Number of protein chains: 2
Amino acid sequence: MTADGLTLAVDIGGTKFAVGLVGPDGRLETSERAATPSGGEAETLWKTLTDLLDGLGMPGRPAGVGIGCGGPMTWPDGEVSPLNMAGWRGFPLRARLAARFPGVPVRIHNDAVCLAVAEHWRGAGRGSANMLGMVVSTGVGGGLILGGRLIDGGTGNAGHIGHVVVDPGGPPCRCGGCGCLEAIARGPGLAAWAVEQGWSPGPGPEDDDGLYQEAGTATARRLAADAAAGDPVAVAAMNRAGRALGTAIASAVNLCDLDVVTIGGGLSQAGPLLFGPLEEALREHTRMAFASRVRVVPASLGQDAGLIGAAALVLAGESYWSAP
Amino acid sequence: MTADGLTLAVDIGGTKFAVGLVGPDGRLETSERAATPSGGEAETLWKTLTDLLDGLGMPGRPAGVGIGCGGPMTWPDGEVSPLNMAGWRGFPLRARLAARFPGVPVRIHNDAVCLAVAEHWRGAGRGSANMLGMVVSTGVGGGLILGGRLIDGGTGNAGHIGHVVVDPGGPPCRCGGCGCLEAIARGPGLAAWAVEQGWSPGPGPEDDDGLYQEAGTATARRLAADAAAGDPVAVAAMNRAGRALGTAIASAVNLCDLDVVTIGGGLSQAGPLLFGPLEEALREHTRMAFASRVRVVPASLGQDAGLIGAAALVLAGESYWSAP
């Protein structure tokens with residue numbers, strides 16, 4: 001008995017856990033979500049996940065299991081140590097799920113890679129053979145599809161667009177380097193810069209997903225709202241982040257001859273305030289004919305993308321899975 | 001009758017044309033070279049090539065033809081417009097060679113891509129599945145091998161490491177952008193910067209291959225010699241180029257999760273004067289575990305690399321040829 005040919009998808013992030021069943025066509029049939037237990041120990045985190053799985057009410061064995069999880073991790077083994085989840089350090093997430101679902105493929109990749117895979121498989125990058133899928137929120141991550149196949153790199157870590165250097169003498173990055181795209185354009189970094197420039201966050205929409213909680217009340221979401229209202233420092237901050245994004249994307253385009261770049265994540269919802277300066281910098285730095293053809297588009301799959309991409313590791317393995 | 005299973009290799013550059021016969025094991029059996037006719041018209045250039053082919057004394061039909069040529073070109077059609085060869089603009093180089101050698105595969109790629117392929121197939125990158133092969137001379141070019149396969153990108157232009165942005169407000173680049181690695185680290189750019197800083201070229205080795213002739217007597221080779229002798233401006237120039245190289249390589253490593261980077265071309269012969277600051281900047285910007293493992297090594301195949309890489313397009317097509 002199987003879950004009607006459905007694939008189980010698991011999406012593990014610093015703010016929420018999600019599980020779902022995905023059909024061969026990429027449609028999410030059902031899903032369950034829960035907040036990530038803050039400060040949770042390893043087995044507390046694991047129980048949050050298994051409770052969600054129990055809640056799915058699966059009719060039988062899934063055709064396979066696809067997992068997206070915050071990095072870093074060993075790959076393809078899937079021992080995970082997500083940055084924002086101290087309880088899991090070298091936790092054998094893939095092996096634990098494989099033990100629970102024996103006899104079917106159980107595959108794992110970085111959550112940002114899964115988002116890119118989803119946009120390539122069923123979203124805004126569909127039909128392109130050479131795509132960078134980005135997510136811009138508390139971090140800046142991504143995944144690369146080249147020649148129609150997901151690029152893993154030597155250790156499963158290809159796609160780290162957030163650590164392309166856009167300003168060699170720039171601010172320190174949490175990776176230990178400096179001047180990385182992520183150091184400038186991630187939500188909390190952006191808000192912190194604005195505060196340094198004298199911005200004080202006015203009243204704005206409340207955070208509903210924790211994306212920008214690291215910077216306390218000085219959230220990037222409020223910054224975007226203030227920028228939309230014309231606050232000059234907020235506008236300057238969005239401009240700085242947008243130009244950094246455009247410059248890093250240009251480097252990726254020149255190196256990889258990309259057709260399309262998709263951008264998702266909370267900050268991408270800032271619209272023209274971010275995409276205007278992004279396009280401006282991108283066009284300044286992509287002057288060769290092959291590079292100037294690139295299109296940058298918003299991601300289209302929304303909050304289900306993580307589950308859909310995780311499922312694609314199993315459902316479209318010929319394009320997205322190369323490990324043994 | 002065939003040329004004993006040998007593959008014909010053609011390497012077309014701004015300073016020389018080369019042709020050769022390559023065995024299935026990648027060994028160059030015989031070769032011929034001629035200087036690129038300066039200011040040559042299309043048919044003059046073509047005759048230079050066919051004279052070389054006649055001089056090879058091929059015993060029969062080759063098993064295939066592999067061509068490396070300076071870009072840009074349409075790919076895989078192979079209508080070439082090499083930057084430094086005004087006589088060929090949209091010249092159907094691949095089609096002309098296909099007409100001369102009917103019934104065998106005739107494949108073409110950018111010359112820097114062929115150098116990368118050669119180093120991966122038979123040189124310093126052998127055994128790595130994720131490699132960037134670079135050449136640093138009058139330009140800065142390269143080719144990417146990921147997952148064991150040559151990456152073409154959407155139009156055959158992947159590998160343009162020279163146009164990764166290392167200083168967004170930096171000097172103008174001949175691509176039309178600014179702050180590209182190539183604008184800073186290519187031989188003539190390096191020499192021009194040194195002259196601006198007050199360097200005047202002292203006596204040094206003569207150019208024997210034209211690599212740095214664009215900047216007249218202020219050649220990068222003399223600059224390297226002066227740097228070796230301790231001239232402070234020359235040392236600063238090499239440092240500047242080395243750091244730009246290290247920064248761009250770091251961006252490529254972070255994005256593509258590379259195992260190894262090979263560096264060839266005239267400037268790479270400057271040794272520690274260049275590789276010291278290169279390594280320094282590279283290590284500053286590759287702090288994540290997956291990235292810090294990268295090795296940067298000199299290319300190992302020397303002047304035959306272009307022919308060997310061109311031949312590999314035919315002889316190892318499963319790794320290096322994806323076009324129809």
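1. Two strands count as paired here if DSSP finds at least two bridges between them.

2. Strand E9 (residues 131-136) and strand E10 (residues 140-146) of chain A run antiparallel and are joined by six bridges. If you want a spot to look at, A:Val135 stands opposite A:Gly141 in E10(A). As a reminder, strands of a sheet pair through backbone hydrogen bonds, either parallel or antiparallel.

3. Helix H7 (residues 232-256) of chain A packs with H8(A) at an angle of about 40°, their axes being 7 Å apart. Angles under 35 degrees count as roughly parallel and 65 to 115 as roughly perpendicular, so H7(A) and H8(A) are oblique to each other. Their crossing is right-handed. On the H7(A) side, the residues that meet H8(A) include A:Met238, A:Leu245 and A:Ile249. On the H8(A) side, A:Leu274, A:Pro277 and A:Leu278 are among those that meet H7(A).

4. Please also look at what follows H7. A:Asp257 is in the loop between H7 and E12 of chain A. Its phi is near 55°, a positive value in a residue other than glycine. A:Asp257 is buried, with a relative accessible area of 0%. In chain B, B:Asp257 is placed in the loop between helix H7 (232-256) and strand E12 (260-264). Phi of B:Asp257 is near 55°, again positive in a residue other than glycine, and B:Asp257 counts as buried at 0% relative accessibility.

5. Helix H10 (residues 305-315) of chain A is mostly covered, with ten of its eleven residues buried. Among the buried residues of H10(A) are A:Leu307, A:Ile308, A:Leu313 and A:Val314.

6. You will find B:His163 in the loop between strand E11 (149-150) and helix H4 (181-185) of chain B. B:His163 has a relative accessible area of 5%, and because buried means under 20%, this residue is buried. Leaving aside neighbours within four places in sequence, B:His163 is in contact with A:Asn254 and A:Met288 from chain A, and with B:Cys173, B:Cys175, B:Cys180 and B:Glu182 from chain B.

7. Chain B has cis peptide bonds worth checking on screen. One joins B:Gly71 and B:Pro72, with omega about 0°, and B:Pro72 is in the loop between strand E4 (65-69) and strand E5 (73-74) of chain B. Another joins B:Trp75 and B:Pro76, with omega about 5°, and B:Pro76 is in the loop between E5 and strand E6 (79-80) of chain B.

8. Finally, a word on confidence. Chain A averages a pLDDT of 92, and 94% of the residues score at least 70. Over residues 207-217 of chain A, however, pLDDT stays under 50, although the model has 29 contacts beyond four places in sequence for this stretch. Where pLDDT is low, the predicted coordinates should not be read in detail.

Conventions. Residues are numbered from 1 along each chain as its sequence is written. Chains are lettered from A and ligands numbered from 1 in the order in which they are written. This is a predicted model: local features need pLDDT of at least 70, side-chain atom pairs count only at pLDDT 80 or more; totals for chains, interfaces and linings use all residues. Side-chain values use heavy atoms; hydrogens and water are left out. Helices (H or I, at least four residues) and strands (E, at least two) are DSSP runs, numbered from the N terminus. Buried means under 20% relative accessible area, exposed over 50%, partly exposed in between (1.4 Å probe, protein chains only). Contact means heavy atoms within 4.5 Å. pLDDT is the predictor's confidence in each residue, from 0 to 100. Axes are lines fitted to C-alpha atoms, for helices over the stretch in contact, and angles run from 0 to 180 degrees between N-to-C directions. Angles under 35 degrees count as roughly parallel, over 145 as roughly antiparallel, 65 to 115 as roughly perpendicular and the rest as oblique. A crossing is left-handed if the near helix is turned anticlockwise from the far one by less than a right angle, and right-handed if clockwise.
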